Amino acid sequence: MEPTTMGRAWALYYRQLHADGRSEHTIRQATRHIRLLERYLPEHRPNEITHGDLAVFFNSSVARCVNGGRTKRPTSLNCLRSSLRTF
């Protein structure tokens, strides 16, 4: 059995979001969040990402700041956590 890539995992997650009847807004938001993680951890496969990797990601400026360096609102960070938790 070949390892799951981020692209394959995302395709399955995307299909599940549609099957669950999620709105297009939710699906676009999840897409942004998964791509952000994928750019931050490009060498990882989904089943190889550890809690430590996610902790480092969530504490990074990539996750915590918007373009321009301003800190994201707590609600935005919670949405990011929620997307990645369900992924």
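## Basis

Residues are numbered from 1 along each chain as its sequence is written, and side-chain values use heavy atoms, with hydrogens and water left out. In this predicted model, local features need pLDDT of at least 70 and side-chain atom pairs count only at pLDDT 80 or more, while totals for chains, interfaces and linings use all residues.

## Helix 3 and its buried face

Helix 3 spans residues 51-58. Helices here are DSSP runs (H or I, at least four residues), numbered from the N terminus. The buried residues of helix 3 are Asp53, Phe57 and Phe58. Seen down the helix axis, these buried residues fall within an arc of 130°, so they line one face of helix 3. The arc is taken from the directions from the helix axis to the C-beta atoms. Buried means under 20% relative accessible area, exposed means over 50%, and partly exposed lies in between (1.4 Å probe, protein chains only).

What covers this face? The cover of the buried residues includes helix 2 (24-40), helix 4 (61-64) and helix 5 (74-86). Aspartate 53 sits in helix 3. Aspartate 53 counts as buried because its relative accessibility is 19%. Leaving out residues up to four places away in sequence, aspartate 53 touches Leu41, His44 and Glu48. Contact means heavy atoms within 4.5 Å.

## The largest pocket

Rolling a probe the size of a water molecule over the atoms shows where empty space is left. The largest pocket holds about 350 Å³ of space. A pocket, on a 1 Å grid over the protein atoms alone, is an open set of points where a 1.4 Å probe fits, with protein on both sides within 12 Å along at least five of seven lines. Grid points are joined across faces, edges and corners, and the volume is the space filled by probe spheres set on the points.

The lining of the largest pocket has 15 residues. Lining residues have an atom within 4 Å of a point. Arg32, His33, Val66, Lys72 and Ser76 lie nearest the pocket centre. Helix 2 gives the largest share of the lining, five residues. Helix 2 and helix 5 each supply at least two lining residues. By type, the lining divides into five nonpolar, five polar and five charged residues. Ala, Val, Leu, Ile, Met, Phe, Trp, Tyr, Cys and Pro count as nonpolar; Asp, Glu, Lys and Arg count as charged; the others, Gly among them, count as polar.

## Aromatic pairs

The structure holds five aromatic pairs. Rings of Phe, Tyr and Trp (its six-membered ring) pair if their centres lie within 6.5 Å; planes under 30 degrees apart are stacked, over 60 edge-to-face, and the rest tilted. One of the pairs joins tyrosine 13 and phenylalanine 87 edge-to-face, at 5.4 Å centre to centre and 75° between the planes. Tyrosine 13 lies in helix 1 (residues 6-19) and phenylalanine 87 in the segment after helix 5, so the pair ties together parts that are 74 residues apart in sequence.

Tyrosine 13 is buried, at 9% relative accessible area. Phenylalanine 87 is partly exposed, at 26%. Trp10, Tyr13, Tyr14 and Phe87 form one aromatic cluster.

## The loop between helix 2 and helix 3

Proline 46 lies in the loop between helix 2 and helix 3. Is proline 46 partly exposed or buried? Proline 46 counts as partly exposed because its relative accessibility is 23%. Beyond four places in sequence, proline 46 touches Thr4, Thr5, Met6 and Ala9.

Asparagine 47 is exposed, at 60% relative accessible area. Asparagine 47 and proline 3 are 44 residues apart in sequence and 8.2 Å apart, C-alpha to C-alpha. Glutamate 43 is also found in the loop between helix 2 and helix 3. Glutamate 43 counts as exposed, at 57% relative accessibility.
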